[in-house]
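I opened my notebook to record what I looked up, one entry at a time. The structure comes first.

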2 protein chains.
Amino acid sequence: MASRARHTGRREEALSRDRIVAAAVELLDVAGEGGLSFRALSAQLRTGPGAIYWHVANKDELLAAATDAVLAAALAADPAGETPEHAIRVVALGVFDAIDEHPWVGAQLARLASQSSVLQVFERIGRQVQALGVPAAGQFDAASALLNYVLGVAGQNAANARSQAPGTSRADVLGAESALWASLDPAAYPFIHTVAGQLRDHDDRAQFLAGVDLIVAGMRTVR
Amino acid sequence: MASRARHTGRREEALSRDRIVAAAVELLDVAGEGGLSFRALSAQLRTGPGAIYWHVANKDELLAAATDAVLAAALAADPAGETPEHAIRVVALGVFDAIDEHPWVGAQLARLASQSSVLQVFERIGRQVQALGVPAAGQFDAASALLNYVLGVAGQNAANARSQAPGTSRADVLGAESALWASLDPAAYPFIHTVAGQLRDHDDRAQFLAGVDLIVAGMRTVR
DNA sequence: CCCTACTTTGGAACGCTGTTCCAGTCATGT
DNA sequence: ACATGACTGGAACAGCGTTCCAAAGTAGGG
């Protein structure tokens, strides 16, 4: 009785799935995708690797849970007022910004289909596709197209974040890649040669939004 | 002189970067993404792990080379006649079919940006975006949007292939997922609930193409 | 109050990985 | 024929995900 009054759990800091997932998110944020290991995690939680397996089946499940935790928080707000175009932008930017803050989420989204939080995103997109007036027969394809675009950007953002060495700045990376594009043979790569300059100064978020708008514009042609 | 006449290389079957990459592709095709290890690879090449490192810097480079090899073969043909819309479909389907045949390529594309073969795809898309009449200021965004869509589908296809247990058929997987969607609360997931049926019978390739067409339709609105 | 049944812990151990190291082999230019 | 540099391949290292299991902790019944 006395012991029950002291704590709901069993110990001062009882292990729990939520605590493990939170620690995993923190570890991933600090140390990057490769920073999450059961040893590092158990060290941070001051326990052994074996204890974690009592609450989590394996690393894939842990990564999925961490991704869901971040994405669920990002999707918590659902204003949904305004036009369908605006609502689509809101949900897309919610995902984009979450990935921008936690690049490992992008990598995870690109490799794990049909995660529960992705379903949530798909649902939100789909509703707005309906609101846009896309005929029923084309709604599934249209919503899938937009979702795949978002997931594609997610994966590429994660890849860019990964390739960026800790010291280098975004401007350095972009400048180097832009210089590489500019140095390509204009005869073999005419297009890339012409857009090399735009690469240097472009804004990822604005470009992402431009892509969303482009796809939405495509949807409006089929309604 | 005589020995040079016998072989260009040094041994009956000299190790070379090309031979290593070819063996890696074969291993990935047979055993999947997780099947490629330096030990398995060296066993297949009848050598030791150390020898491989003389020709290849590390596993990332090997995977990149394997991906480039497959994609380069898929993009070898460049008819390019016809309309821009058609040319875009050809290159997009080329990537899609290559991934369909080698699912690990999809995973690789989703996680490694600015690989040389991806540049090739980007160039081809970009040229057709220009041919479509998209204004110069929007060409970079438009081509990036389409590329990101293609890469997004690539990643999801790879994820689906990965989650599919060796025994189960595509119909089983789709049926199970469709049933899951149908079982969701219609109040919380109205859209997903309505498209659950379409999921069961949809064709990945056709849906991919519908997405491409949707994005191209969007591009035509801005020219 | 203690004993028993059950949950939960955490450290050791297993098999695997990518990678490094290096003694030895081979083909060649002198 | 020999010396040199390219190339090989097996051993070894640190780290990984995962499993196992003896111990510790907690709760309920006699």
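**Entry 1**

I began at Arg46(A), which sits in the loop between α3 (38-44) and α4 of chain A. I took helices (H or I, at least four residues) and strands (E, at least two) as DSSP runs, numbered from the N terminus. This is a predicted model, where local features need pLDDT of at least 70, side-chain atom pairs count only at pLDDT 80 or more, and totals for chains, interfaces and linings use all residues. Residues are numbered from 1 along each chain as its sequence is written, while chains are lettered from A and ligands numbered from 1 in the order in which they are written.

Arg46(A) is not a glycine, yet its phi is positive, about 50 degrees. Is Arg46(A) buried or exposed? It counts as exposed, because it has 9 C-beta neighbours inside 10 Å. My cut-offs: a residue is buried if 20 or more other C-beta atoms lie within 10 Å of its own, exposed if 12 or fewer, and partly exposed in between, with C-beta atoms placed from the backbone.

I then checked chain B. Arg46(B) is in the loop between α3 and α4 of that chain. Arg46(B) also has a positive phi of about 50 degrees without being a glycine. With 8 C-beta neighbours inside 10 Å, Arg46(B) counts as exposed.

**Entry 1: chain A as a whole**

I counted 12 helices and zero strands in chain A. The radius of gyration of chain A is 21 Å, well over the 17 Å that the globule rule gives for 223 residues, so chain A is more spread out than a compact globule. I took that radius over C-alpha atoms, and the rule is 2.2 Å times the number of residues to the power 0.38. Along the principal axes, the C-alpha atoms of chain A fill a box of roughly 75 × 45 × 25 Å. Of the 223 residues in chain A, 38% are buried.

Next I looked at contacts, meaning pairs of residues whose C-beta atoms, placed from the backbone, lie within 7 Å. Among the contacts in chain A with a separation of 6 or more, 67% join residues 24 or more positions apart.

How many residues of helix α7 (residues 103-111) of chain A are buried? Nine of its nine residues are. Among them are Trp104(A), Gln108(A) and Arg111(A).

In helix α11 (residues 190-201) of chain A, the buried residues are Phe191(A), Ile192(A), Val195(A) and Ala196(A). They lie on the same side of α11(A), because they cover an arc of only 160 degrees around the axis. The arc is that of the directions from the helix axis to the C-beta atoms. An α-helix has 3.6 residues a turn, so residues three or four places apart point the same way. What covers the buried residues of α11(A) includes α10 (170-183) of chain A, and also α8 and α9 of chain B.

**Entry 2: where the chains meet**

I turned to the contact between the chains. Chain B gives 46 residues and chain A gives 46 residues. On the side of chain B that touches chain A, α9(B) has the largest share, 16 residues. The residues of that side divide into 24 nonpolar, 17 polar and five charged. Here Ala, Val, Leu, Ile, Met, Phe, Trp, Tyr, Cys and Pro count as nonpolar, Asp, Glu, Lys and Arg as charged, and the others, Gly among them, as polar.

I picked one residue of chain A, Asn148(A), which is found in helix α9 (residues 136-163). Asn148(A) is buried, with 24 other C-beta atoms within 10 Å. Neighbours within four places in sequence aside, Asn148(A) is in contact with Tyr149(B), Gly152(B), Val153(B), Gln156(B) and Gly211(B).

Terms used. Contact = placed C-beta atoms within 7 Å.
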